[in-house]
Amino acid sequence: MNVDMLNAVDSFIWGPPLLLLLIGTGIILTVRLSLIQLFRLPRALKLIFAAENRGDGDIDSFKALCTALAATVGTGNIVGVATAVHAGGPGAVFWMWVAAFVGMATKYAEGCLAVKYRTVDKNGDIAGGPMYYIERGLGKKFKPLAVIFAFFGVLVAFFGIGTFAQVNAIVEITQLATDIPVPYTATALTLVVAAVTIGGLQSIARTASKVVPAMAAIYIAVTVGFLVIFRAQVPAALAEIVTAAFTPTAAAGGFLGATVLVAMRNGVARGVFSNESGLGSAPIVAAAAKTKWPAEQGLVSMTGTFIDTIIICTLTGLVLVISGSWTGDVNGAALTNMAFQQAYPQMGSLILCVGLTLFAFTTILGWNYYGERCIAYLVGVKGIMPYRIVFIILVACGAFVKLDVIWILADIVNGLMAIPNLIALIGLSSVVVAETKAYFAYIKEKETTEQDIKVVTDAER
């Protein structure tokens, strides 16, 4: 299948119907949950470190979030934003924001349903995610929809976000920054991935909980440093992002120009690639969190989209727009690298190399687990080890696939995976609302009791 044919398939899948379904699902959930992503965000951020971690589960809420962030905070935040802006202009960043805002409600619902309908597999491990809330929530007659989700989940792990896009980004930036030959980087990466993923969720979660906070802090510090250096240009860049979201962007340099629809399509598609809201991946690991309240894990899951897109993607987008490098002929990691070198001429490539390598590596780990859970749903736990072996082989091959083909394939399988999940989220929205009301009624009662105890204690003193 040639690139033109893949582009045609990609444009069809990511046409108005899927964009409407994706944004529409987020809007429906936003309305039904009374702007939960706005009014409950402070509590959600607090829960990252203060969740009770009681109840069934394999890992605590923080490790579940870190594993989810390991899979989401990756090349989408650096390379994905670059390809979106290069194809759709600065306006693509605005549509990333829109997708992320409504996507926070979507991610909340996913995390909530994942815990509500989770089960235990034959190995005694927690099993959950869209395939389970489709089958157990919507009913047995919807099992074909669950099978479709799991099938495309494996394909995304094998050919989409999980391997090729990440590996290609690592070898490209490593070669740019250090001149290390591609085969050497590919071999080292494959060995490290094999060492971690063979150990399963506990090994992946331990690694993610250590690497993710550090890598996010380093990247945020470096991009904020860039914006401080060019602070006089930040207001104009923000204005350009908003203006370009609603007006066509003219051709400039190597940039061919973009309509509003192109900016919207690229912004939403790359936004979903980055934060995975609506894709159905994050709830697979959210289901493993130690909690007895589905809504509590929903709130923790929601912060993933906020951190990934509202913070990290925005910083990358501003760096690209301010630098003006998006109008050139380069794309992907090379485009972001060119932008960083304006602020850090000597160290720009090395900084981006370290950041991108950590981002992409952890994404590979997270998606290994997602695909593993999907294969276990399809064929049982006997399929887990063969899956891991195939995954590791594909990691080794990912360095030698062309960039344009990688991103088109990733978009296609992402879209096909999202459709059954979005249908389930709409069908189970009443369950999400009920769980939300029950949780916040519990919180209100708990806070009232604690307040009464405090009053009595103070009076006795």
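A residue counts as buried when its relative accessible area is under 20%. F152 has a relative accessible area of 17%, so F152 is buried. That value comes from a predicted model, as does everything below.

What does F152 contact, leaving aside neighbours within four places in sequence? The partners are V413, L416 and M417. F152 and A418 are 266 residues apart along the chain, yet their C-alpha atoms are separated by 8.9 Å.

Now take the whole protein. The secondary structure comes to 21 helices and 2 strands. The chain has 461 residues, and 59% of them are buried. Consider the contacts between residues at least 6 apart in sequence. Of these, 85% join residues at least 24 apart.

Helix α8 comes next. This helix spans residues 130–138 and is mostly covered, with 7 of its 9 residues buried. Which residues of α8 are buried? They are P130, M131, Y132, Y133, I134, E135 and L138. Just after α8 comes G139, with a positive phi of about 115°.

Two helix pairs show how elements pack. The pair to begin with is α13 and α16. Helix α13 runs over residues 234–244, and helix α16 over residues 294–323. Their axes are 9 Å apart and meet at an angle of about 100°. Angles of 65 to 115 degrees count as roughly perpendicular. Helices α13 and α16 are therefore roughly perpendicular to each other. On the α13 side, the contact uses V234, A237, L238, E240 and I241. On the α16 side, it uses L318, V321 and I322. By class, the residues of this contact divide into 7 nonpolar, no polar and 1 charged. The spacing along each helix can be read against a general rule. An α-helix has 3.6 residues a turn, so residues three or four places apart point the same way.

The other pair is α10, residues 164–178, and α17, residues 332–343. Here the angle is about 40°, with the axes 9 Å apart. Helices α10 and α17 are therefore oblique to each other. The crossing of α10 past α17 is right-handed. From α10, E172, I173 and L176 make the contact; from α17, A333, A334 and N337 do. The residues of this contact divide into 4 nonpolar, 1 polar and 1 charged.

Two single residues complete the tour. T223 sits in helix α12, residues 200–229. Is T223 buried or exposed? Its relative accessibility is 0%, so T223 counts as buried. Beyond residues up to four places away in sequence, T223 touches L315, V319 and F340.

With 14% relative accessibility, R118 counts as buried because the cut-off is under 20%. Which backbone oxygen does the R118 side chain reach at 2.6 Å? That oxygen belongs to A289. The R118 side chain also reaches the backbone oxygen of T291, at 2.8 Å.

Definitions and conventions:
Residues numbered from 1 in each chain as written. Predicted model: local features only at pLDDT ≥ 70, side-chain atom pairs only at ≥ 80, totals over all residues. Heavy atoms only, no water. Axes fitted to C-alpha atoms, helices over the stretch in contact; angles between N-to-C directions. Helix = DSSP H or I, 4+ residues; strand = E, 2+ residues; numbered from the N terminus. Parallel < 35°, antiparallel > 145°, perpendicular 65-115°, else oblique. Left-handed = near helix turned anticlockwise from the far one by under 90°. Contact = heavy atoms within 4.5 Å. Nonpolar A, V, L, I, M, F, W, Y, C, P; charged D, E, K, R; others polar. Buried < 20%, exposed > 50% of the residue type's maximum accessible area, 1.4 Å probe, protein only. Polar contact = N/O pair within 3.5 Å; in protein donor to acceptor, adjacent residues only side chain to side chain.
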